[in-house]
Amino acid sequence: MSMGLGAITSCATSNATAIAAARLANNRQGHDSSSSVFRNQQLRRKVLVQSSLSSQHNKDARVSCLTNNDEPEVPSLSTRATSSSGSTEFSSIGSSSSLGLSLEIREIDERCKKWQWRGYTINYLSVHGRREQVLNPDSNSNSDYPPLLLVHGFGASIAHWRRNILTLAQSYTVYAIDLLGFGASDKPEGFSYTMDVWAQLILDFLDEIVQRPTVLIGNSVGSLACVIAASDSSQSLVRGLVLLNCAGGMNNKAIVDDWRIRLLLPLFWVFDTLLKQRAIASFIFERVTQRDNLRNILLSVYGNKESVDEDLIEIIKKPANDEGALDAFVSIVTGPPGPNPVQLMPRITLPVLVLWGDRDPFTPLDGPVGTYFSTLPAQVPNMSLFVLEGVGHCPHDDRPDLVHEKLLPWLDDLLPAL
């Protein structure tokens with residue numbers, strides 16, 4: 001059963017306007033800041049829940065972000081506006097399904113921007129949710145709400161966050177980045193990829209582009225890159241961490257205390273030797289990136305098989321055709337695994353949210369890394385952990401509804417400490 005766009009946007013606008021009115025009234029009445037923030041959180045959660053429920057019953061509805069007018073703007077699909085901070089405001093794009101709000105690959109590609117980093121071109125996306133303008137009509141920076149930076153995992157790209165960006169952008173400015181060697185970012189020939197390079201890329205992006213304390217949200221090796229960035233004692237731009245099935249290293253050679261890895265370690269060394277032969281590496285890479293093989297791999301790491309659609313296969317396959325993609329694959333698979341999160345987490349005192357799919361064959365919950373993170377909440381007060389049942393290695397795309405259910409309240413709880 002579906003409902004028209006007008007009904008959805010009208011409901012969303014009235015709810016957001018009510019929040020803005022409540023917030024302004026609180027300020028006029030001179031309530032203390034912590035009490036006002038708490039009430040705003042409760043009201044905003046109500047709006048997000050109502051918005052989520054609407055999306056479940058409106059599979060064919062188009063998404064309209066809120067404006068601070070009485071009637072929402074509903075421009076054409078291709079319309080784009082740019083905020084004062086340079087981020088994109090999505091006015092009427094995306095679609096709604098049983099998995100929630102989603103962007104099409106084309107919509108993401110059209111709105112991405114380029115940033116020059118150490119002589120390389122880095123692809124990124126920035127989305128300024130208009131609901132922020134409604135909640136903070138007198139503020140251009142929306143300082144109450146920290147921006148978010150989404151960092152993908154191995155073989156993925158910005159589009160892997162297609163099912164998260166619009167939901168998060170209803171309340172936060174959202175950035176997403178293609179790490180060097182992935183997506184539409186440069187893939188320099190002969191480059192030696194390391195976890196430390198990606199971590200520095202993230203820190204420089206925060207410093208040059210975002211320029212505000214930011215919550216880092218990463219998946220797999222993207223999570224680990226975020227951990228490394230946050231553990232840098234000299235940085236001041238990381239506000240919090242969200243780790244989705246954090247990897248133990250750039251490749252599996254890092255997890256030497258897992259009996260499954262120890263059993264296969266000799267094969268890894270043989271595989272590394274073979275990959276250093278260009279012809280063999282090219283043959284293996286070509287086979288791995290064939291559409292049917294990619295589908296089978298993805299089905300093995302996703303708990304919700306319905307999430308493995310043709311768009312997901314295209315997200316992984318398309319960048320693999322780029323010049324330099326083979327070099328990136330070989331360097332990452334055969335290179336040093338880099339720092340281990342077990343060594344780094346004790347340095348981090350920031351708020352940390354860990355979400356872990358219990359059907360992950362790559363970093364299983366009962367493996368060394370999963371076991372370590374499972375024990376952390378009982379040892380440190382700054383960390384929260386939720387195990388997502390029936391979810392695989394990429395929870396944000398596998399079951400975005402479950403991720404948002406835990407992520408949005410956690411983000412709300414960061415506000416009083418700002």
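T214 is buried, its relative accessible area being 0%; buried here means under 20% relative accessible area, with over 50% counted as exposed and anything in between as partly exposed (1.4 Å probe, protein chains only). Please keep in mind that this is a predicted model, where local features need pLDDT of at least 70 and side-chain atom pairs count only at pLDDT 80 or more, while totals for chains, interfaces and linings use all residues. Residues are numbered from 1 along each chain as its sequence is written, and side-chain values use heavy atoms, leaving out hydrogens and water.

**Around T214**

- T214 belongs to strand β10 (residues 214-219); strands are DSSP runs of E with at least two residues, numbered from the N terminus.
- A polar atom of the T214 side chain lies 2.7 Å from the backbone oxygen of R212.
- Beyond its neighbours within four places in sequence, T214 is in contact (heavy atoms within 4.5 Å) with P147, L148, L149, L206, L237, V238, R239 and G240.

**Strand β9**

- Strand β9 (residues 173-177) has 5 of its 5 residues buried, so the rest of the structure largely encloses it.
- T173, Y175 and I177 point one way from β9, whereas V174 and A176 point the other way, and all are buried.

**Partners of β9**

- Strand β7 (residues 120-128) runs antiparallel to β9, and 5 bridges join them; strands pair if DSSP finds at least two bridges between them.
- Opposite A176 in β9 stands L125.
- Strand β8 (residues 148-151) runs parallel to β9, with 4 bridges joining the two.
- L149 stands opposite Y175 in β9, and L149 is also one of the residues in contact with T214.

Conventions. A polar contact is a pair of N or O atoms within 3.5 Å; within protein, one must be able to donate a hydrogen and the other to accept it, and residues adjacent in sequence count only if both atoms are side-chain atoms.
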